[in-house]
Amino acid sequence: MILIRNGEVFGPRALGRRDVLAGGRKILAVEKRIDPAGLPGEVEVIDAGGLAVVPGFVDGHQHFTGGGGEGGFHTRTPEMRLSMNTTNGVTTAVGVLGTDALTRSVESLYAKTQSFNAEGITAFMLTGSYWHPSPTITGSVARDLVYLQPVIGCKLALSDIRGPHIEAADLARLASDIRVAALVANKPGIITVHTGVKPEGLELILEVVGRHGLRADMFVPTHINRKNAELTVQVLELARLGAVVDATCMLSPPAADAPHLTAADFAVLADANGVFDRVAFSSDAGGSLPVWNEDRSRIVGMGIGTPASLLAELARLVNAKGIALEKALCPLTTTPARVYGLSGVKGELAPGADADILVLDPGRMTARDVLAGGTVMVRNGTLEKKGYFE
């Protein structure tokens with residue numbers, strides 16, 4: 001067992017000074033004081049020293065097998081490593097494919113997802129990619145969802161010049177297939193929608209929700225934190241209808257003339273419109289961050305998304321925007337856990353939940369200690385458990 005003592009516990013609700021006991025991959029107790037001498041067997045004690053003790057982060061949009069490739073084969077970004085997640089507090093992640101489903105495959109994403117599970121974090125994946133019909137392993141999105149344990153939904157792009165160019169009936173048919181499969185498999189059955197820059201934005205989703213009666217909470221539009229008034233209206237409307245909308249985190253604030261908002265800025269906007277609890281943050285880790293020439297015909301540089309952007313946005317939300325830590329943690333914990341069907345298991349510190357725990361320095365906004373499934377991954381800022389090839 002592991003006992004974390006003397007921490008300011010956020011479950012993410014502020015609980016004050018508490019001790020947290022973990023054993024057998026689960027949280028066993030959260031109490032004002034737990035005496036290790038009264039516990040059976042060996043107990044490892046971690047002294048939080050008054051720092052915040054918070055749930056491990058749930059990151060719903062990562063490119064486990066890398067992304068990019070739009071500037072030639074040499075611009076394909078590398079696979080992610082376990083430590084990229086654990087050192088930045090991510091204990092649960094969802095893997096996706098991106099633009100490139102030609103040199104990357106759903107099969108390789110499945111293998112990498114299971115690799116992360118074997119290495120000690122919790123990993124899920126979405127079948128499909130940008131395209132429609134979706135690339136799959138079993139031959140259909142519905143069968144992937146039913147028969148492949150880590151598959152919890154599908155990835156799709158809309159309003160992107162790279163495609164696909166589909167009609168409302170196509171989207172409604174896909175969503176209905178996923179809904180039936182999700183009921184059979186008892187899974188969330190979500191569609192994460194890469195939101196492109198075409199003027200129609202999320203019109204198609206609003207149409208199938210309005211005309212075909214599909215559930216808004218099936219859809220998780222991502223990359224929605226943009227300085228685009230029409231898109232923002234659509235995003236807020238979907239949130240009011242029950243969808244969780246996903247803001248992409250940034251390490252550094254964008255330039256004043258950039259088309260994007262920080263995730264923190266978008267969360268403040270959502271809060272002002274009464275839908276803060278419908279906002280999730282994700283890192284787009286492993287994905288490419290291309291720098292285009294002026295007419296967007298050629299890539300002139302390439303960055304890579306990182307889970308460190310989650311901590312950067314949390315710091316921004318708390319320190320620059322004045323949002324209380326217990327509230328600011330929700331887009332990284334309880335909200336994504338809810339949309340991925342993990343409420344009560346992930347994203348919270350309570351008896352029975354998985355022992356995914358961070359000792360967080362709220363001043364520096366860094367993860368000092370990280371537990372995933374009750375195993376210490378990071379101790380006193382030092383990586384303790386590495387990936388197989390690290």
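**Close-up views of a predicted model**

**View 1. Strands S1 and S2 sit side by side, running antiparallel.** Strand S1 (residues 2-10) is joined to strand S2 (residues 14-23) by 7 bridges. Strands here are DSSP runs (E, at least two residues), just as helices are DSSP runs (H or I, at least four residues), numbered from the N terminus; two strands pair if DSSP finds at least two bridges between them. Look for Val9, which stands opposite Gly16 in S2. To get from S1 to S2, the chain goes through a hairpin of 3 residues.

A quick word on what you're looking at: this is a predicted model, so local features need pLDDT of at least 70 and side-chain atom pairs count only at pLDDT 80 or more, while totals for chains, interfaces and linings use all residues. Residues are numbered from 1 along each chain as its sequence is written, and side-chain values use heavy atoms, with hydrogens and water left out.

**View 2. S2 also pairs with strand S3 (residues 26-31).** These two strands are antiparallel as well, with 5 bridges. Leu21 has Ala29 in S3 as its bridge partner. The hairpin of S2 and S3 has 2 residues between the strands, and Gly24 there takes a positive phi near 60 degrees.

**View 3. Helix H5 (residues 203-212) crosses helix H6 (residues 229-240).** Their axes come within 10 Å and cross at roughly 30 degrees (axes are lines fitted to C-alpha atoms over the stretch in contact, and angles run from 0 to 180 degrees between N-to-C directions). On the H5 side, the contact is made by Glu203, Ile205 and Leu206; on the H6 side, by Gln234, Glu237 and Leu238. Contact means heavy atoms within 4.5 Å. These contact residues divide into 3 nonpolar, 1 polar and 2 charged.

**View 4. Tyr130 and Trp131 make a tilted aromatic pair.** A search of the whole structure turns up 3 aromatic pairs (ring centres within 6.5 Å, using the six-membered ring of Trp; planes under 30 degrees apart are stacked, over 60 edge-to-face, the rest tilted). In this one, the rings are 5.9 Å centre to centre, with 55 degrees between the planes. Tyr130 is buried, at a relative accessible area of 5%, whereas Trp131 is partly exposed, at 26%. Buried means under 20% relative accessible area, exposed over 50%, and partly exposed in between (1.4 Å probe, protein chains only).

**View 5. Tyr388 and Phe389 pair edge-to-face.** Here the rings are 4.9 Å centre to centre, and the planes are 85 degrees apart. Tyr388 and Phe389 are both exposed.

Terms used: Nonpolar A, V, L, I, M, F, W, Y, C, P; charged D, E, K, R; others polar.
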